[in-house]
Amino acid sequence: MGHLKIVVDHEKIDYSGPLDIGDLFRMIENFLWERGFDKKQDKDFEQNTERGKFIEWQISPWKKITDYTRYIVKIRVLGYDMLKSNAVHSGKKTKVDNGRIIIVIDGFMEYDYDNKWDDVPILHFFRTMYDYFIFKAYTERFEQRLVHDVNHLIDHIEKFLNLYRYYAVISKPGP
Amino acid sequence: MKIFMKPDDFIHLPELGTPAIYIQYKGILDMQDLYDAIADFFRQKKFKFYEKQHRLRRPSSFGAEHNYIFEARRKVEDYYEWIVYVNIETFDMHDIEVVLKDGTKKKMTKGRIWVQLYGNCVTDYEKVWEKSAFLAHLKGFYNKYIVKKKFEGVWWDELYYKIVLRLHALIKEHLKMVSEGYEHRHFAGVH
């Protein structure tokens with residue numbers, strides 16, 4: 001395994017209330033798909049309990065940005081006591097899920113994902129020197145873009161859940 | 001430098017596997033329907049479907065335990081094939097009678113199910129290019145320099161997105177899980 005570095009550590013959203021959990025998953029998948037991430041589903045668990053459904057859903061999509069570096073975003077959603085309840089949406093009666101969800105997001109950078117630079121200690125040393133000193137400006141720029149992507153995703157989720165938001169994604173118009 | 005080299009030492013990228021996907025579900029399900037859906041999916045996708053193992057045990061009074069090991073193979077071209085592995089284990093399974101929305105009664109199963117799915121894209125499945133060291137070197141060169149992009153970008157991608165993830169979505173749909181749905185269903189093509 002290459003060098004895995006945590007760039008975004010455990011960003012957490014805790015929400016209780018009505019939501020459509022299927023739509024939430026679709027929105028997250030769609031967001032990452034649009035940004036060129038490949039899908040990796042780690043967990044898809046659902047248990048019907050007496051108090052409602054317990055859900056554990058985890059994906060860790062990845063995106064190769066160069067032939068040396070890739071992004072990995074790990075998203076874990078836990079749903080507790082999810083029950084269906086009636087709601088009126090745009091004048092129509094619908095059923096929505098109701099319960100508590102916890103969303104945890106981590107962002108990783110993986111350097112040397114093909115393990116070409118960790119066969120012998122000297123190569124390992126060169127790789128570290130390269131990442132931290134020679135290629136530092138690019139490394140930091142890649143990390144900054146990963147943080148931006150994760151913040152953008154969190155902003156989307158908060159928008160979906162209708163929460164107060166603090167982050168505004170401002171893109172500079174091109175020349 | 002090794003003196004005695006095996007074909008594995010110089011054949012580059014003989015196969016490429018997909019990540020394993022797991023589903024766990026506890027509740028009411030229709031096992032027969034799920035079984036039919038999986039077999040039908042592979043039939044439609046032109047796979048040869050093998051049931052490698054079916055084990056039934058009754059370890060306790062809570063219910064039966066089933067273990068299914070499925071393997072599906074499709075020789076896509078002369079040079080590569082797709083293999084998909086499906087492992088299903090069920091626990092505490094017992095039959096119950098369910099009243100459907102239209103008032104009819106149906107026998108279904110209640111219990112826990114665990115599903116593991118993964119695929120593998122294998123090149124040179126007939127081992128034609130491993131008969132001699134020279135041929136094996138040629139295969140290594142071919143895989144490493146000529147066909148690598150296609151292997152990683154097309155063959156593997158189609159196996160992962162059109163077969164493994166689609167089957168994953170199908171199983172969730174038949175279990176009626178809340179996370180059902182497949183965002184990449186319009187990934188490429190119509191098949």
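Predicted model: local features only at pLDDT ≥ 70, side-chain atom pairs only at ≥ 80, totals over all residues.
I'll start with chain A. It has 3 helices and 6 strands. Read from the N terminus, the order of elements is β-α-β-β-β-β-β-α-α. The C-alpha trace of chain A spans about 65 × 45 × 20 Å along its principal axes. Of its 175 residues, 43% count as buried. As for contacts in chain A with a separation of 6 or more, 64% are between residues 24 or more positions apart. The accessible surface of chain A is about 10,100 Å², and carbon and sulfur atoms account for 53% of that.

The largest pocket has a volume of about 1,000 Å³. Its lining draws on both chains: β4 (62-64) of chain A, and β1 (15-17), α3 (133-146) and α4 (148-175) of chain B, each give two or more residues. Which element gives the most to this lining? That is α4(B), with 6 residues. The lining of the largest pocket has 30 residues in total, and those nearest the centre are A:Lys64, A:Tyr113, A:Asp114, B:Lys148 and B:Glu152. By class, the 30 residues divide into 10 nonpolar, 6 polar and 14 charged.

The second largest pocket comes to about 650 Å³. Here 21 residues form the lining, with B:Tyr25, B:Ile28, B:Met108, B:Leu175 and B:Lys176 nearest the centre. The elements of chain B that supply at least two residues each are β2 (21-29), β6 (105-123) and α4. Strand β2(B) gives the most, with 4 residues. In this lining there are 9 nonpolar, 3 polar and 9 charged residues.

I'll take the second largest cavity, which holds about 40 Å³ of space. Its lining also has residues from both chains: A:Gly22, A:Phe25, A:Arg26 and A:Glu29 from chain A, and B:Lys172, B:Ser179, B:Glu180 and B:Gly181 from chain B. Helix α1 of chain A, residues 21-34, gives the most to this lining, with 4 residues. By class, there are 4 charged, 3 polar and 1 nonpolar residues around this cavity.

Methods
Residues numbered from 1 in each chain as written. Chains lettered and ligands numbered in written order. Heavy atoms only, no water. 1 Å grid on protein atoms, 1.4 Å probe; cavity = no way out; pocket = protein on both sides within 12 Å on 5 of 7 lines; lining within 4 Å. Points joined across faces, edges and corners; volume = space filled by probe spheres on them. Nonpolar A, V, L, I, M, F, W, Y, C, P; charged D, E, K, R; others polar. Buried < 20%, exposed > 50% of the residue type's maximum accessible area, 1.4 Å probe, protein only. Contact = heavy atoms within 4.5 Å. Areas by Shrake-Rupley, 256 points an atom, 1.4 Å probe, with all protein chains shown as cover.
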